[in-house]
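This report describes selected features of the structure shown below. Record annotations are treated together with computed geometry.

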Amino acid sequence: MKPVAIRDLCISFGAVQVLHDVTFDVASGESFGLVGESGSGKSTVLRCMSMLQAQWTGDVIIGSQSVREMPLNARVRTVQMVFQDPYGSLHPRHSVATVLSEPLRIHGLDRQRARMEQALIDVGLPVDFLERFPHQLSGGQRQRVAIARALILEPEVLLLDEPTSALDVSVQAEILNLLARLRSEKGFTYLMVSHDLSVVDHMCDRFAVMQAGRIVEVLDRAAIPSNAATQPYARDLIAASLAYERAV
Amino acid sequence: MTAATQPRRMPQSLIALRNILAFLMRSPTSAFGLVVLAILILTAIFAPLLATHDPYVQDLQNTLQRPGNGHLFGTDELGRDIYSRLVYGSRITLTIIFLVTIVVGPIGLLVGTVSGYFGGWWDTVLMRITDIFLSFPSLILSLAFVAALGPSLNNAIIAISLTAWPPIARLARAETLTFRAADYISAARLQGASATRIIWKSIMPMCLPSVMIRLTLNMATVILTAAGLGFLGLGAQPPLPEWGAMIATGRRYMIDHWWLVTFPGLAILAVSLAFNLLGDGLRDALDPKQMNKR
């Protein structure tokens with residue numbers, strides 16, 4: 001478990017500045033949410049933190065070290081990411097065994113078979129799924145494999161980029177429960193992007209509301225039902241979500 | 001199912017191969033391509049058994065004989081048996097195809113994936129080189145190479161290889177560009193995989209089917225270019241029984257002795273048609289959902 005601190009994170013793509021001085025802290029072992037409308041830069045924050053985007057300025061500190069200064073091997077064993085679309089995040093020609101054994105081979109870890117089986121058991125899949133290919137799995141099963149792939153390097157911080165938005169509602173609940181169970185068992189620090197406030201309410205201790213690349217407000221989970229936000233945009237967002245839930 | 005008699009688990013590649021073959025045999029056109037290709041390979045292997053005469057022995061008493069009379073496809077201007085020369089010529093054709101493929105496939109794949117994955121400076125340099133090769137008609141470029149290297153079968157193969165890789169590289173680059181931003185590549189990067197590893201393990205397997213299809217379709221062009229070079233006297237040299245060279249020498253007698261050019265011509269037609277049809281069939285068969293079906 002490590003705390004995460006993000007300081008003045010800025011990134012521009014060409015002339016467009018996508019993130020403006022994003023600053024927030026995530027305590028060690030905390031589950032932190034990032035909400036906002038499409039294009040507000042939520043996923044970009046995660047891509048910067050994981051160094052998938054490297055041309056940002058500012059600082060991302062995990063534990064006591066900046067991710068920029070971490071050696072590649074140490075970094076990927078500290079931060080892992082689960083992607084939004086399980087149909088796009090698994091290589092269509094790699095079996096589950098290949099997906100899970102690649103990171104182990106890259107890092108030269110021992111007991112590969114045992115680790116792979118343990119990862120599958122952790123995400124609630126039968127061990128004989130190792131021989132399957134992605135097109136032989138359902139969406140929920142694929143996302144479980146993607147989570148297993150993120151777990152297998154035993155990271156301390158897990159970045160979740162809308163891990164359930166591509167899934168069916170009933171499957172969403174399963175995956176969220178799985179993620180909650182894994183956090184209570186292994187004590188990850190979660191950073192979860194979502195546009196669904198009910199998911200954030202279910203999963204996160206605190207969350208930040210983002211708009212147009214800026215953090216509008218950082219709120220406690222308890223602020224949702226009473227709509228205790230102070231900033232107008234955050235209030236609108238929460239009010240809209242509450243109205244939607246009442247309508248459903 | 002044949003798998004029932006085998007141990008439960010066959011290697012994945014064998015299953016894939018069996019599925020592809022089964023799929024190809026289901027469509028009449030690709031089945032034709034496969035059969036012609038099989039005949040070509042078997043003919044090349046068993047050429048000494050199938051040939052009725054020595055392809056090099058001249059019989060000046062028996063020149064320009066019509067088909068029949070102990071010579072299935074007649075004899076040429078030096079009295080050599082055309083059927084036997086065609087049979088031995090299949091070896092030359094297969095050699096050309098095989099060597100061109102193993103040179104062109106890897107070069108094109110490597111240039112294309114490296115240029116597509118790295119982008120930027122690599123892409124600019126590699127693609128401009130590719131453009132230069134692409135901007136010449138391939139037969140003209142091969143002609144220039146053969147003229148510089150000297151006419152022989154090996155030089156023809158080198159020249160054809162030099163002109164055949166750019167379309168493959170272009171294709172592999174275009175494919176790579178579509179996969180480069182995919183989440184599974186991001187995931188591989190997040191696992192600490194090096195660029196070499198990502199290209200080798202994640203990108204190349206995705207490019208391979210379309211490159212293989214393109215190579216198969218290219219075979220027809222390769223055969224025609226080789227025949228063209230042979231026809232112009234810049235490929236296989238006499239007395240080698242290369243099909244294009246056979247047409248070239250037969251050309252002089254074509255009006256009165258049609259069999260000199262017709263049979264080598266039909267052989268070239270059949271083989272290049274077979275490769276085209278097979279390439280079309282492979283395009284359908286190499287769909288990932290077909291590959292791993294059990």
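Residues 31–51 of chain B are 90% helix and 0% strand, with 26 Å between the end C-alpha atoms. The model is a predicted one. According to an unreviewed UniProt entry, residues 31–51 of chain B are a transmembrane region, as are residues 92–119, 211–237 and 257–279.

## Nonpolar cores

The largest nonpolar core contains 69 residues, and B:I96 and B:W243 have the most contacts inside it. Several helices of chain B supply at least two residues each, among them α1 (12–26), α2 (28–45), α4 (82–118) and α7 (153–180). Helices α8 (183–190), α9 (195–231), α10 (243–250) and α11 (259–285) of chain B likewise each supply at least two. The most is given by α9(B), with 15 residues.

Beyond residues up to four places away in sequence, B:I96 touches B:L153, B:I157 and B:I160, together with B:V222 and B:A226. A second, separate core has 53 residues, including A:L100, A:V171, A:L178 and A:I224.

## The annotated domain of chain A

In an unreviewed entry, UniProt lists residues 4–237 of chain A as "domain: ABC transporter". The chain is 35% helix and 27% strand over residues 4–237 of chain A, and the end C-alpha atoms of this span are 26 Å apart.

A:Q80 is found in strand β6 of chain A, which covers residues 79–82. Is A:Q80 buried or exposed? A:Q80 has a relative accessible area of 3% and therefore counts as buried, the cut-off being under 20%.

A polar atom of the A:Q80 side chain lies 2.9 Å from the backbone oxygen of A:V76.

Notes:
Residues are numbered from 1 along each chain as its sequence is written. Chains are lettered from A and ligands numbered from 1 in the order in which they are written. This is a predicted model: local features need pLDDT of at least 70, side-chain atom pairs count only at pLDDT 80 or more; totals for chains, interfaces and linings use all residues. Side-chain values use heavy atoms; hydrogens and water are left out. Helices (H or I, at least four residues) and strands (E, at least two) are DSSP runs, numbered from the N terminus. Buried means under 20% relative accessible area, exposed over 50%, partly exposed in between (1.4 Å probe, protein chains only). A polar contact is a pair of N or O atoms within 3.5 Å; within protein, one must be able to donate a hydrogen and the other to accept it, and residues adjacent in sequence count only if both atoms are side-chain atoms. UniProt positions are given in the numbering used here, feature names are shortened, and annotations may be inferred rather than shown by experiment. A nonpolar core is a set of buried Ala, Val, Leu, Ile, Met, Phe, Trp, Tyr and Cys residues joined through side-chain atoms within 4.5 Å. Contact means heavy atoms within 4.5 Å.
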